[in-house]
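Let's work through some ring geometry together. Grab a pencil and have the viewer open.

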Amino acid sequence: MPRPPNHEFQEWWNKQQHDIHNNLNLNLNHTTTSTSFPSSSSSSSTSNVEKNPNFHSVEISASESISSPLNRKDRRNRTRSIRQISFYFLLKLQNFLISLSSIFTSFLSILRTANRRIANSPPLPHLSSSESRFYRLIKVLLFVVLILLCFELIAYFKGWHFSPPSLHKAEVLGFVELVYASWLRVRAEYLAPPLQSLSNICIVLFLVQSVDRAVLMLGCFWIKIRRIKPVAVMEYSAKSEDHNVEDFPMVLVQVPMCNEREVYQHSIGAVCVQDWPRERMLVQVLDDSDDPDVQQLIKAEVHKWQQRGVRILYRHRLIRTGYKAGNLKSAMNCDYVKDYEFVAIFDADFQPSPDFLKKTVPHFKGNDDLALVQARWAFVNKDENLLTRLQNINLSFHFEVEQQVNGVFINFFGFNGTAGVWRIEALEDCGGWSDRTTVEDMDVAVRAHLCGWKFIFLNDVKCLCELPESYEAYKKQQHRWHSGPMQLFRMCFMEVIRSKVSWTKKFNLIFLFFLLRKLILPFYSFTLFCIILPLTMFLPEAHLPAWVVCYVPGFMSLVNILPAPQSFPFIVPYLLFENTMSVTKFNAMITGLFRFKGSYEWVVTKKSGRSSEADLLGLSEKESEILVNTSHLPRSASDSGLEELNKLNMSKKNGKTKRNRLYRKELTLAFILLTASVRSLLSAQGIHFYFLLFQGITFLIVGLDLIGEQVS
């Protein structure tokens, strides 16, 4: 940073120069006047000069007397400026050394953690048949690129990159030169053309998907500019006493859970303090836990709220089939369900605000063809670590853009499985819950849409929940979310074709909803950036343009991050991490599409039991109100609470120890990309080299489980 100019000194200097210039002009004029007399008076002029021989020396002394103090001040200013510049650069050097030291320390810490992780990692779990085949293919690719890199290194050091050997001179070529020349011919004539064709197909799919994202974003901008949002024909006031009890429809609240030790209290407490008349609401706690201790804890929590006057029931299935769909289906078969008009569903880690029902249920009044009101998710732990921040970017785009735009313009979107209110009549009309896939929420939404029902998304109604904090939990969640839609697509394709909805809705369901956003996205993301790009480094006849590698992905990442502008500093990690997750999403998509073993596996996402401070304060205030209103009830709840805490502490001590682990597919792909980056460096491909290098490092970090929750 240059030193700012000293304007005061400059003005003083200009003034001094102007005065000196005026003095010199006066002296010059005086001299000219004294020498311009006629020739007759030349003798007198000469005598005057002789009488004053020191005239010129006086003038020089005057100029020296003026300039000497100026020179001293100028030297002092220059010395001070040099000292200031030196001090400035010393500060910069100190900051640079401190930054370099912190980076080096962080790098050493990562290396030590990785070394510990490798040395103390638990035994790698046995892969399913589909994952095993997929992993073997990745290992074969690694073996191939390593052999090709050895070839290219030999060619580089022998100078064959500048003058490659030709088969036309086979009689004068050595064995290695002959092999390399044959390889050049094979890759140019047989390998590069199909690879280039595949890359062109992926580029077209990439551009189509990018256009879809851009159109969705334009729709979101239009909604913001025009301030479009669903408006209910009626609203409930803050005080329920202002309305008659009959103004509140009968609502059934379901909380399905399975071994949710960490979060069951939050969800049960949040639904029990809903600002809704008690006689018009019934809470069902649908416990599928197979852990007896967890069952007892949940029973004690339900009993505590029952003593406070809340209408709440505990249900536990003896035959646990169908996962969450089977649990919900079993609960809907109860005889008393026919007395209720709507059902609100909350997963175990969701904490709706007390006015949730007052904000969602009014939208059903006057909309007899409305089946679902979906609320937006908000996250209590979005800033917990880098993994949760990157998830927040993805889900912010999903809710702010995808769900809102589809809800406003076509009245259809995928049900998120929780934080929504269903019209029970619509559920029964489309066949109810089905356990034929692992995405029962998307299944029932598609069937309801085919039956002519409409959906509404409320972007301004938020329900608190948790994001997975460990990469293991996030990976299992994403596998289920990307395997289930492909199972559903196989099963409902002909149902969509034979349905009575318009062809535009059929096109939207088949091409946009399923193919483009559920199949094409993971396919091109993994194939283009994890397979084709590394291979083009060894088959340079097939080329990926720089705009495909850098500019378009960067622009699309910027588009995706707009709904979460506070996450803008994480745009580069987001781009790299999304490409890293493509291996999991691609494997899940293939597994679900071809019904490989493991596609129907359901793993409950692990929770940590976090709550926001505002949510806890609101819950405690509502609990205190309920305690005041039910002061006449027996006080046995405190005893059950102590027993509950004791059991919880005992079960936590006996719980499984969490450990970070290694991920083989991610590590293998890391070495493939890093190997390709070395080949790119040999051919001086700048953008491709940097992309492969940083993408390989990202795969390495994820493979070593250095992202997300770190367990000591």
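Buried means under 20% relative accessible area, exposed over 50%, and partly exposed in between (1.4 Å probe, protein chains only). This is a predicted model, where local features need pLDDT of at least 70, side-chain atom pairs count only at pLDDT 80 or more, and totals for chains, interfaces and linings use all residues. Residues are numbered from 1 along each chain as its sequence is written, and side-chain values use heavy atoms, with hydrogens and water left out.

**Exercise 1.** Classify the pair Phe206 and Phe529.

Step 1: Rings of Phe, Tyr and Trp (its six-membered ring) pair if their centres lie within 6.5 Å; planes under 30 degrees apart are stacked, over 60 edge-to-face, the rest tilted.
Step 2: The centres of Phe206 and Phe529 are 5.9 Å apart with planes at 90°, so call this one edge-to-face.
Step 3: Phe206 sits in helix H5 and Phe529 in helix H14, 323 residues apart; helices here are DSSP runs (H or I, at least four residues), numbered from the N terminus.

**Exercise 2.** Is Phe529 buried or exposed?

Step 1: Its relative accessible area is 4%.
Step 2: That makes Phe529 buried, and Phe206, at 3%, counts as buried too.

**Exercise 3.** Now classify Phe346 and Phe356.

Step 1: Their ring centres lie 5.0 Å apart, with planes at 70°.
Step 2: The pair is therefore edge-to-face.
Step 3: Check burial: Phe346 comes out at 2% and Phe356 at 0%, so Phe346 is buried and Phe356 is buried.

Key:
Helix = DSSP H or I, 4+ residues; strand = E, 2+ residues; numbered from the N terminus.
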